[in-house]
Each structure stands twice: as structure tokens, then as C-alpha cells.
Amino acid sequence: MKKALITGITGQDGSYLAELLINRGYRVHGLVRRVATENQDHRLSRIKGLLKEDLITLHPGTLENYASIYEVVKNVEPDEVYHLGAQSFVAVSFDDEFSTFNTNINGTHHLLSACRTIVPHARFYFAGSSEMFGKVHESPQNENTPFHPRSAYGISKVAGFDLTRHYREREDIKMFSCSGILFNHESPRRGMEFVTRKITYTAAKIKLGLAKELKLGNPEAKRDWGFAGDYVEAMWLMLQQSQPDDYVIATGETHSIKEFVEKTFAILKLNPADYVTYANSAHMRPAEVDLLVGDASKAKTVLGWEPKVKFEQLVQNMVEADMKFVGKNRGW
Ligand code: GDP
């Protein structure tokens, strides 16, 4: 039985990926911070079902500490490693550059180095990001578009991308290491701090009489939003190829924050003008990424990957899920 190690298993992507790998017959191991195991109901909520059925094994560890990562890789001896763990919120990265770099850059280096030493033949996936394109040099963005990151998060992902490529290209290492350049991907499991989930969750609360307003930042930023469940499939496919490589994963459609709001409120038969305010200073960014739209034709040709869920369906699914979630929890 193949063994997979996922860092960031408690997050949106980690939880979908764990389900996919279990369905494909893998034994799945996850790296988690110790604090997550101490507050299981909250932090492990996305993988609660998998844990209950004993389908995954969790290993406490910290990406920031090489010895800790080394121990986990040694204990698991994985065949495939999916490195999704990171400080993943762009807005926080402006306020806390140091921890963002420490977790995201050193964390990636520690894991690559431990794998190189202990399991040099393991296949390695790094979660790159469309934030690496930042102030875009062309549209749509593909694997050859230059990077121009606009946040500590984006910079840390460029460093991780380069480390991953370096370990693949170094003649004395030659790891099977790949990066996915994933554009924004959402789902009902998305963290509340990201704009899509903030919109669908707050709109559901407004509909059910539990909130009165939705305060947002920049309404004009445009993103290429796909469904996380589709995107984890692409991660897996990258590691099943005969050669390691990097791939853009995107839908090829772009929509503004305002359009996301309008679609959400239309589904709920509410008028956004009655509830939504924009340009709230707490949610504006000191350097914005204005427009992202990806060209995933390489992934389509080489991996046979295509997104199944597009914008309209994604918003619909998230709104329906949040109506149920808020209804059940009455305002949690
Ligand atoms: P990101 O693309 O990884 O930064 O994902 P986010 O979901 O955090 O943000 C997407 C875009 O939404 C960015 O351009 C933000 O400036 C914009 N935005 C506008 N209002 C908000 C808000 O209230 N919260 C967040 N998170 N983003 C907002």
C-alpha cells in the first residue's frame, strides 16, 4: 500500500486530498501542529470523519523546525509528499512577514531536505500559487509568465517554487518534485477569512436574520476561482506522470469580488445595496493583486485535467452549504 504524507491536512485542500488518496488506496499520514490535536473539535473539523474511521494517521510536528520534520518523514517514509502546509492568508502576510517567511520558506526547505535524505525517491508536490504572478505581466497567466509577487505570501511561494525546482534540477539530487501553480480555489470548507467564504457565510447569516451587514475591501479585484475538490485531483495527477514538472491549474474565467457578491445575493433573493459596504479600510491591502486569470492548457494536454465546477456552480454550492451550516449552528 502506498503511503502519502500531507502537510496542511487540516485545511481545505488537505481534507479533500486526503479523501481522494484514501479512495485511491493510499495510507494517508498528516503533519499537524500540536495545538491542532489539543483543540480537535475546531481545528480538526474538516477531517473529523476520516479520523473517526481511523483512515488517517496524524503526526504532531512543526514546519519551522527541521528536527521535527525529519522525525515525521523518518517515521512515515512516504512514497508521495504533498506539501500544502503554510501561512496561507495573504492579508496576514502583510502584518507578519517574519512568520510567513519562516513557515513558508524554511518549512518547504526543511521538508525537501528531509525527503532528500530519508526518501530520495519519494515524489514531492509543492503548493505554488497564482499570487506568485502578482502584478501580472500578461493575461492569461501560464507556466512561462514571469513572477511579480505583491505580498510576503507571494514572495514566500516564489521561494518555495524555486526550491522545489532546484531539488529537481540539481544533478546530485534529481528529486521528482513538482509545483502546482494553483489559482484561487474555494469550497464550503474554505476558511472564513477568505473573501468568497466571508461573502457566502455572512450573506447566509443576513438571510436568516443573524447579521445585518457585510463589510468588504476592494470590490474590483478579479480572481479565477475554481473548486478545491477539482484542484486536488490535479495535484495527484502531477505525481503520477513519468517526468516531474510544474503546472498552472485554473478555470480560465475571471470575476470580480463585486460579481461574487451580486451572484450570492441574487441566489438568496436579497439586494446587496441594502447590506454590503466596500472599501472598508481594515480589508484593503497595501499592495493589491488586481487581476488573475489562468491558462491551464498544459495541464489539460499533459495531465488530462479540466475543472468540472465553474463560477456559477461554485457560488451556488457555497451558498447552499452555508445556508445549511448557519441554519444548523444558529450563528456559530
Ligand atoms: P487571495 O487572492 O489569496 O488574497 O484571496 P482572498 O480571498 O483573501 O482575497 C481575494 C481578493 O478579495 C483580494 O484582492 C482582496 O483584496 C479582495 N477582498 C475584498 N474584500 C475582502 C475582504 O473583506 N476579505 C478578503 N479576504 N479579501 C477581500
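A polar contact is a pair of N or O atoms within 3.5 Å; within protein, one atom must be able to donate a hydrogen and the other to accept it, and residues adjacent in sequence count only if both atoms are side-chain atoms. This briefing applies that term to a predicted model, in which local features need pLDDT of at least 70 and side-chain atom pairs count only at pLDDT 80 or more, while totals for chains, interfaces and linings use all residues. Residues are numbered from 1 along each chain as its sequence is written, and side-chain values use heavy atoms, with hydrogens and water left out.

**Domains**

- The protein is divided into domain 1 (3-185 + 226-249) and domain 2 (191-223 + 253-293 + 309-327), with bounds that come from an automatic or database domain assignment.
- The centres of the two domains, taken over C-alpha atoms, are separated by 27 Å.
- Domain 1 gives 20 residues to the contact and domain 2 gives 14 residues, where contact means heavy atoms within 4.5 Å.

**Ligand**

- The ligand lies between domain 1 and domain 2, because both give residues to the shell around it.
- There are 17 residues around the ligand, and Lys-198, Gly-217, Arg-223, Arg-285 and Glu-288 come nearest; a residue is near if one of its heavy atoms lies within 4 Å of the molecule.
- The shell holds seven nonpolar, four polar and six charged residues (nonpolar: Ala, Val, Leu, Ile, Met, Phe, Trp, Tyr, Cys and Pro; charged: Asp, Glu, Lys and Arg; polar: the others, Gly among them).
- A polar backbone atom of Val-195 is 2.9 Å from an oxygen atom of the ligand.
- A polar side-chain atom of Lys-198 is 2.6 Å from a ligand oxygen atom, and an N or O atom in the side chain of Glu-288 is 2.7 Å from an oxygen atom of the ligand.
- Of the 540 Å² of accessible area that the ligand has on its own, the protein covers 97% (Shrake-Rupley method, 1.4 Å probe).

**Domain summary of the shell**
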